[in-house]
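Hi,

Here is the structure I promised to pass on.

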Amino acid sequence: MTYSFELPLLALLILTAAGAIIVKELISAVLILGAYSFFLALVWAWLGAADVAFVEAVVGAGLATVFFLLTLSQTSPEDTRIRRPPPPLIAVIALPLLGLLLLYAANDLPAFGDPTSPASVHVSPHYIENSLADTRTPNVVTSVLMDYRVLDTLIETVVVFTSGIACWLLLRRDPE
Amino acid sequence: MIESPFGSVIVRRTASLLVSLVQLFALYVLFFGQYGPGGGFVAGVMIAASLVFGLLVFGENSATAQRATRLLAGDGVGLLLFVAVGGLCLIGGGEFLNYSQAPIPGLDSAARRYLGILLTQVGVALDVAVAAVSIVYSLSRSVAAGKTDA
């Protein structure tokens, strides 16, 4: 397994994530966050999750950036610079320890693409084997989202609808 | 912010090409989501992104912006289409959203499921597109109102 593509991508991800936190101007932070989303979309595509890569590229790098910029354009210029006090001592000690704990726990996760992992032996084989015969849909992601698990998708659609309505009611002020 | 169109010729020319291309690709993603990557959610977000892109570049009085405003009238239609497909399955004697029971003559169970997936995806795409455009509008309109106050 070669790492010629993964390692630069990981470095870019960490670099943009750190840059979005460190940079002083909020607008720069928003734009760097857009770049971070784009690199994350490349990671999803590299892992074979093309559907997720699509959503990450369009929502994370595109629409969310526009939302942030529109929100920032409402604030006055002196609000968009960040003053950061130094982090408290407890955070400096506790957060690296938490990171080490998470890395230790990650050892117990099944390997990437492991066919005997619990997620791959429960209901996934049934979906993969029967999707084409049941629904004439070769893309198993679509048939799971829209047929086998369609109630979840219905509730998600309700959530999206509610969020649109809520933003309209809370934020919109008519020009007159 | 949005009412003043962006000045550069390069940006306007690129945008006038890209807006329609992105919309075409969104339709492709929507109707080929059963064969390749993509589906209702991505297609809706892409339609919304193309409209918002045109709105940002050409301003609020352009044709793209008017199309976006007209899209807002369809708020809830997508969700209604989704639930209507589910109700159709109830009428056919099955469970809610069990597409194989939808009362459509001349189709076998798999074809009914195929049709149900397609229709609900159109519903999701409409719902997501309207929601994203309405969020952008509510943010930008309050910008305009804040400016008249100041």
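Read along its sequence, chain A runs α-α-α-α-α-α-α-α, which comes to 8 helices and 0 strands (DSSP runs numbered from the N terminus, with H or I of at least four residues for helices and E of at least two for strands). Before you go further: this is a predicted model, where local features need pLDDT of at least 70 and side-chain atom pairs count only at 80 or more, while totals for chains, interfaces and linings use all residues. Residues are numbered from 1 along each chain as written, chains are lettered from A and ligands numbered from 1 in the order written, and side-chain values use heavy atoms, leaving out hydrogens and water.

Overall picture of chain A: it divides into domain 1 (1–85) and domain 2 (114–176), with bounds from an automatic or database domain assignment. The C-alpha centres of these two domains of chain A are 25 Å apart. Along the principal axes, the C-alpha atoms of chain A fill a box of roughly 60 × 50 × 30 Å. Of its 176 residues, 23% count as buried (under 20% relative accessible area; exposed is over 50% and partly exposed in between, with a 1.4 Å probe and protein chains only).

Now the rings. Over all chains, the search turned up 7 aromatic pairs (Phe, Tyr or Trp rings, the six-membered one for Trp, with centres within 6.5 Å; planes under 30 degrees apart are stacked, over 60 edge-to-face, the rest tilted). One of them is the tilted pair of Phe54(A) and Phe25(B), at 6.1 Å centre to centre and 45 degrees between the planes. That pair crosses between chains, joining helix α3 (residues 50–72) of chain A to helix α1 (residues 9–31) of chain B. Phe54(A) is buried at 18% relative accessible area, whereas Phe25(B) is partly exposed at 36%.

Within chain B, Phe32(B) and Tyr35(B) have ring centres 5.8 Å apart and planes at 55 degrees, so this pair is tilted too. Both partners are partly exposed, Phe32(B) at 43% and Tyr35(B) at 45%.

Which residues do the ring pairs link into a cluster? They are Phe54(A), Phe25(B), Tyr28(B), Phe32(B), Tyr35(B) and Tyr114(B).

Cheers
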